[in-house]
Amino acid sequence: MATLLTLRDISLSFSGPQLLDKVCLTIADNERISLIGRNGEGKSTLLKVIAGLIAADDGERQIGQGVKISYLPQEVPTDLEGSIFEIVARGLDELSDLLVAYHAATQAVMLDASGQNLDRMARAQHALEDAGGWQFEQQVETTLSKLSLDPDERFESLSGGRKRRVLLARELVRQPQLLLLDEPTNHLDIDSIAWLEEFLAGWSGSLLFITHDRAFMQRLATRIIELDRGKLTDWPGDYQNYLRRREERAHAEAKANERFDKKLAQEEVWIRQGIKARRTRNEGRVRQLQAMREAWRQRRKGQGQARINLQEAERSGKLVAEVENVSYRWDDVELIRDFSTTIMRGDKIGIIGPNGCGKSTLLGLLLGKLKPTSGHIRLGTGLEVAYFDQLRATLEMDKSVQENVGGGSDKVVINGKSRHIISYLQDFLFTPDRVRQPLNALSGGERNRVLLARLFTKPANLLVLDEPTNDLDVETLELLEELLGDYQGTLLLVSHDRAFIDAVVTSTLVFEGDGVITECAGGYADWLREKQARPSQTAAPAPENSATAKAKQKSSSGKLSYKLQRELEQLPGKIESLESEIDALQAQLADPGLYRESPERIAELKTALSARESEMEKVFARWEEIEALGGQA
């Protein structure tokens, strides 16, 4: 394989620890590489060094002969104006003006074939011919066609996702051998992410991309590189392979540090021994100790793991919301049509759909902030709502992290206990000096951690999260997943992160177009399987095997509502848990030592055992009740 780019001992620092510390990297053709690391580690900086936009303090950057590199930044420029054709043609710097002039002249002739316009087109055509630019005009048209873009649509009128597609086209029209993408999925809806995946999977060049979207990474990456404390490590294979090997490396590193620290402690004891030892000490050993001390000082510890805790309010009523035949119109557009559902306490519901389809409108209806055009919504009692999206508008960018989270106070109350604001924010990986920084000096991921920190100071039994995962690093995403999995309240989650949805929700509401919302048990992957399994309108029914026929017969003879079916599926787990608790209590009561050493606990354990056995009987009774309902349906 031909080598496209080589970095040798690249170092870079911005008045602090080395952001890049003797980084080495080789990229060959036909590679798809994912660059990962914690927020603030310098991933975007490394991408800019590779693109030649930032010069390193030290080291060598070598590009293969004739290799073109294109770079798509994370942020969409706010000052770009013009037609899509103009924006994309600007990727061909030396010919862009001629291409834009010819395209504009052609459009003018199509609108008005006057002599003046025809002369203008002829001059533009001759200029393009003289520059040998016809192949490049075709290059632009082909690229626009591949990315399904209308050349005459205005760039400034597009959605954020469409703008990113145009900017991608601008880089691809240069026909680069290496494409650099910084968070290409940010703020894209699921359909756009799926399209981008398919396009990049079939693209023939090499790819180096930064993303926190684990499904995107798993689909595309053939190699993972990780930037951690200034060092770059290389992991061949996909994301799942990286996770396995990362655990092995972390364990080995911890063991090596433990051995080093033990040896250092022994040497420190030796150097402090009495006068006799100091007279006869080995000078080489002294020098080795000095080197060990320096190595210990230079050891850069990891950023650590966020410690996020949710404050749960008193339990709400069993019913959270009952929605009956609700429709909602905005001007002449029906965003939601004839939608019904029931949300119970403890449900964790994902909401997915294209940008602008009405997901935030649905949240407004479910929270009672909007009135439906038709239909009825009944809200439950005792709801304490914490709404992630609302906080974005209230953040003050010129104020510090501490001021935004604490509201001017240096204390916060978490689960009934007062904590100092700096201690609390350290749980969200903010160092004391970072706590005092204004928000406009923070990265996107850090700002989202500020939002989470502020949100979780409020007790809630109904948590509403509208795109909480943007810019969060993988470790924080995984921690948030675990946190929401253990949350006992009700969750409404809007997200385009497919892996996050699959890990967190128990059911999904999907906007399928024309205001239609369908409900699916499970997450995005479950909905996708269900969608793919839907029979075609014209397809003949497939032959069924005996097992399938029996399953359908059972379903038709005992069809349950979605809520009852879900409750039935959860009962075996409850029984297994109760059986484990009963076994543990019986084992304690069977221990003779209990009666000698802690006789006062006997009554307590017997009461607990009786309660578990009573609860077990109720669960079995409920199981029989639901199955009986199914048999009557």
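Guide: A residue is called buried when its relative accessible area is under 20%, exposed when that value is over 50%, and partly exposed in between. With those cut-offs in hand, take Lys399, which has 33% relative accessibility and therefore counts as partly exposed. Its partner is Glu396, and the closest N and O atoms of this salt bridge are 3.5 Å apart. Glu396 has a relative accessibility of 38%, so this residue also counts as partly exposed. Salt bridges can also share partners, and in this way Glu197, Glu198, Asp213, Arg219 and Arg498 are joined into one network.

Please keep in mind that what you see is a predicted model. A search of the whole structure finds 19 salt bridges, in a chain of 633 residues of which 44% count as buried, and the chain contains 24 helices and 20 strands.

The side chain of Glu197 meets that of Arg219 in a salt bridge, with a distance of 3.6 Å from N to O. This pair links distant parts of the chain, for Glu197 lies in helix 7 (residues 190–201) and Arg219 in helix 8 (residues 214–220), 22 residues apart. Glu197 also meets Arg498 in a salt bridge, where the N to O distance is 2.5 Å. Here too distant parts of the chain are linked, since Arg498 belongs to helix 19 (residues 498–504) and is 301 residues apart from Glu197 in helix 7.

Arg164 is buried yet has no salt bridge, and the nearest side chain of opposite charge, that of Glu75, is 6.6 Å away. A salt bridge asks for a side-chain nitrogen of Lys or Arg within 4 Å of a carboxyl oxygen of Asp or Glu. Leaving aside its neighbours within four places in sequence, Arg164 is in contact with several residues, including Leu72, Pro73, Asp182, Glu183 and Leu188.

Other charged residues lie at the surface. Arg315, Lys318, Arg345 and Lys574 gather there in a patch of positive charge. Arg315 sits in the loop between helix 11 (283–298) and strand 10 (319–330), and with a relative accessibility of 65% it counts as exposed.

The C-alpha atoms of Glu581 and Leu609 are separated by 8.3 Å, while the two residues are 28 residues apart along the chain.

To gather the picture, Glu197 takes part in salt bridges with Arg219 and with Arg498, Arg164 is buried with no salt bridge, and Arg315 is one of the residues in the positive patch on the surface.

How values were computed
Residues are numbered from 1 along each chain as its sequence is written. This is a predicted model: local features need pLDDT of at least 70, side-chain atom pairs count only at pLDDT 80 or more; totals for chains, interfaces and linings use all residues. Side-chain values use heavy atoms; hydrogens and water are left out. Patches are made of residues with over 30% relative accessible area and no salt bridge: like charges are joined within 9 Å, nonpolar side chains (Val, Leu, Ile, Met, Phe, Trp, Tyr) within 5 Å. Accessible areas come from the Shrake-Rupley method with a 1.4 Å probe; for residues, only the protein chains shown count as cover. Lys and Arg count as positive and Asp and Glu as negative; His and the chain ends are not counted. The place of a charge is taken as NZ of Lys, CZ of Arg, CG of Asp or CD of Glu. Helices (H or I, at least four residues) and strands (E, at least two) are DSSP runs, numbered from the N terminus. Buried means under 20% relative accessible area, exposed over 50%, partly exposed in between (1.4 Å probe, protein chains only). Contact means heavy atoms within 4.5 Å.
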